[in-house]
Amino acid sequence: MDVRFQLSMSFNLDKCIGCHTCSVSCKNVWTSRQGAEYMWWNNVETKPGTGYPVTWEDQERYRGGWELSGGNLRLKLLKGPGKIRTLANIFFQPNLPTIDDYYEPFTFDYQNLFNAPLGDDQPVARPKSLITGEFMEKVSLGPNWDDDMGGSPLYATNDPNLRNLSASQKELLTKFHKLFYFYVPRICNHCLNPGCVASCPSGALYKRGEDGIVLLDQNICRAWRFCVSACPYKKPYYNWANGKSEKCIFCYPRTETGQANACAHACTGRIRTVGVLMYDADRIEDTAKLPEDRLVDGMRDIILDPFDQKVIDAARKAGAEDNWIMAAQRSPAYNLFKKWRISLPNHPEFRTLPMNFYIPPLSPILHQAKADRGGSFDPEANDFFNEIDKMRIPVKYIANLLAAGNESLVIESLKKQMAVRMYWRQKRVGDVGEGAVRNALTATGLSEEDVHGIYRINSLATYAERFVIPETHREHKTAVDPRNMYEKRGSVGFGQKRKEFPSREW
Ligand code: SF4
Ligand code: SF4
């Protein structure tokens, strides 16, 4: 057992109001620079929708992530055998997103509003490109271009998550009185098996064993842009001004001192929590190779029980500090993903083992149920609890987004959330029968303690409960020495060849 630590963010999608405060905080702190104008390390997408860059989830087009080939994992990006694959792609990668897939960054000519000469017409602020400095005829794309346009035939119908939905299910998404949409905030997932790390010909990317943050060393980066292609989430970006790639750094200067990430700290809806997970690095490759329908359970298995004495002993032996072990025991990420099994990873089928998790939204289901029942919702209806999987809202859609198509995982999470709501409705309003609540708790396997815990973390939790981030002991060495990464690129997990796995001190 090789115990490592991972900082992990969880998002409650029911609570996101799509305000983009997170994106703006991140941009102000990290990417308000030349060459980085088009980058949104944190962005928020409306779903169903096409996202940023456009249709990033379509790996037939972008070829990010891993695929299984003859029982082995290999990057989708590279075709052909061995090193030839890298060489064949090194000067031209046909699957790289272009600026047209992101958007041409622009500002407006605000000065004209003040300085325009006297005339018959109202002065206007025309859009100006932040790349060329020229006026733009029209703005045709932006990082949240289809904001609030869920359900529109133009955007919703091009969403890659609609695959495998029946024609009638797809039609429902665009029927005006039935449509729903919700928001999905996205940052780099700081994956356990990061495609970006494995793909870099220069070995510029690395994952830190002590906190799981994936970083890019710009001194080593040679602008090959393999990381951009190989990341299925399209979270590394190429800075056209300085010729280096860059990516979300999980605000490590903040987390190392125990502070929440800028996006999470600023989040208006308080939808985000941050906590520590302990995992077994020896099992990364086996987990990433699991069949699609078992990937999420495999990811839950690789996360270790922070109360297990054997795990604690192994972590201490490896040099972990007690404050990290104690943080793992109070971790919202652990409770939501592993203990209560209500949060899920984004597109686990990309096989990078993403380490941020989403609580699937119940609201569209309720919305749809109300529409089905003529606009009313009877909380007493035990039937409703049992019929979540039969609702006309396509659970399949959420499963495609968060569970590699495995609907049972989404239904499990939704039923648990519904049981929590019924419990509190019974307590506070009293119009749900005690029997119905008891049945719901039994059916979902939740104890009253679980219900209180789930309710607390999603509603009243204080800053200290939402962000359980231990300070880092920077006086100790990191698990991976970036100076050696050139030799260790190209394989799964930490981007290192297993036989060269370094002894570790942190
Ligand atoms: S592969 Fe994972 S760790 Fe790498 S940039 Fe993409 S999301 Fe982040
Ligand atoms: S700040 Fe929070 S609520 Fe607002 S868009 Fe971002 S994640 Fe959603």
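Which residue of β12 is the bridge partner of Gln 6? The points below give the answer and some other places to look.

1. A word on the model. This is a predicted model, in which local features need pLDDT of at least 70 and side-chain atom pairs count only at pLDDT 80 or more, while totals for chains, interfaces and linings use all residues. Residues are numbered from 1 along each chain as its sequence is written, chains are lettered from A and ligands numbered from 1 in the order in which they are written, and side-chain values use heavy atoms, with hydrogens and water left out.

2. The open sheet. The partner of Gln 6 is Leu 277 in β12. Strand β1 (residues 3-12) and β12 run antiparallel, joined by nine bridges. They belong to an open sheet of four strands, ordered β12-β1-β14-β13, with mixed pairing. At its edges, β12 (272-280) and β13 (344-345) each pair on one side only. Here strands are DSSP runs of E with at least two residues, helices are runs of H or I with at least four, and both are numbered from the N terminus; two strands pair if DSSP finds at least two bridges between them.

3. The hairpin. Strands β10 (residues 236-239) and β11 (residues 244-247) pair in the antiparallel sense over four bridges. Tyr 237 has Glu 246 of β11 as its bridge partner. Four residues lie between the strands, and Gly 243 takes a positive phi near 70 degrees.

4. Ligand 1. Its surroundings (residues with a heavy atom within 4 Å) include Cys 188, His 190, Cys 191, Cys 196 and Cys 231. Pro 236 and Lys 247 are also among the residues around ligand 1. By class, the shell has eight nonpolar, three polar and one charged residue. Ala, Val, Leu, Ile, Met, Phe, Trp, Tyr, Cys and Pro count as nonpolar, Asp, Glu, Lys and Arg as charged, and the others, Gly among them, as polar.

5. Helices α19 and α20. Helix α19 (residues 407-428) packs with helix α20 (residues 434-444) at an angle of about 155 degrees, their axes 9 Å apart. Axes are lines fitted to C-alpha atoms, for helices over the stretch in contact, and angles run from 0 to 180 degrees between N-to-C directions. The two are therefore roughly antiparallel to each other; angles under 35 degrees count as roughly parallel, over 145 as roughly antiparallel, 65 to 115 as roughly perpendicular and the rest as oblique. Contact (heavy atoms within 4.5 Å) involves residues including Ala 419 and Met 422 of α19 and Val 437 and Leu 441 of α20.
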